[in-house]
Amino acid sequence: MERGLFNIIDANVHTLIPVGSGGGGVKSIRMANGSVDCTAQLYLEDTATPSNKVYIIRSVLLAGGSTLEIDDLGFDNSVLSLNIQLLGSLYGIYNTSIILK
């Protein structure tokens with residue numbers, strides 16, 4: 001099942017799969033960093049209690065030109081959202097493509 005393509009260009013939190021959007025399983029997540037080194041945080045969040053986060057990856061280095069892939073991620077999409085945030089770019093400039101399948 002095709003989920004989407006996202007291009008992350010800032011340090012904001014980006015919701016990749018919002019609560020209640022259907023499904024709940026992700027066949028694969030591919031992060032391709034075409035920019036300078038940065039760290040990635042990918043997590044599930046209970047939107048009823050935003051401080052309740054479960055990190056899939058936390059502070060993982062994505063070197064410029066590198067790709068990271070995570071396979072077979074299942075979760076209850078009726079109560080959890082999938083979010084990503086990039087941090088640590090020297091100038092706050094990011095160019096990371098996210099592919100969800």
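**Exercises on a predicted model**

Strand S4 (38-46) and strand S7 (residues 80-87) pair in the antiparallel sense over eight bridges, where strands are DSSP runs (E, at least two residues) numbered from the N terminus and two strands pair if DSSP finds at least two bridges between them. This is a predicted model, in which local features need pLDDT of at least 70, side-chain atom pairs count only at pLDDT 80 or more, and totals for chains, interfaces and linings use all residues. Residues are numbered from 1 along each chain as its sequence is written, and side-chain values use heavy atoms, with hydrogens and water left out.

**Exercise 1.** State in which order the four strands of the open sheet are arranged, and which are the edge strands.

*Solution.* Begin with the order, which is S2-S7-S4-S5 with antiparallel pairing. Then identify the edge strands, strand S2 (14-17) and strand S5 (53-62), each of which pairs on one side only.

**Exercise 2.** Determine whether serine 35 is buried or exposed, and which residues it touches.

*Solution.* First locate serine 35 in the loop between strand S3 (25-33) and strand S4 (38-46). Its relative accessible area is 17%, so serine 35 is buried (under 20%; exposed is over 50%, partly exposed in between, with a 1.4 Å probe and protein chains only). Next list its contacts (heavy atoms within 4.5 Å): leaving aside residues up to four places away in sequence, serine 35 touches Gly64, Gly65, Ile93, Tyr94 and Asn95.
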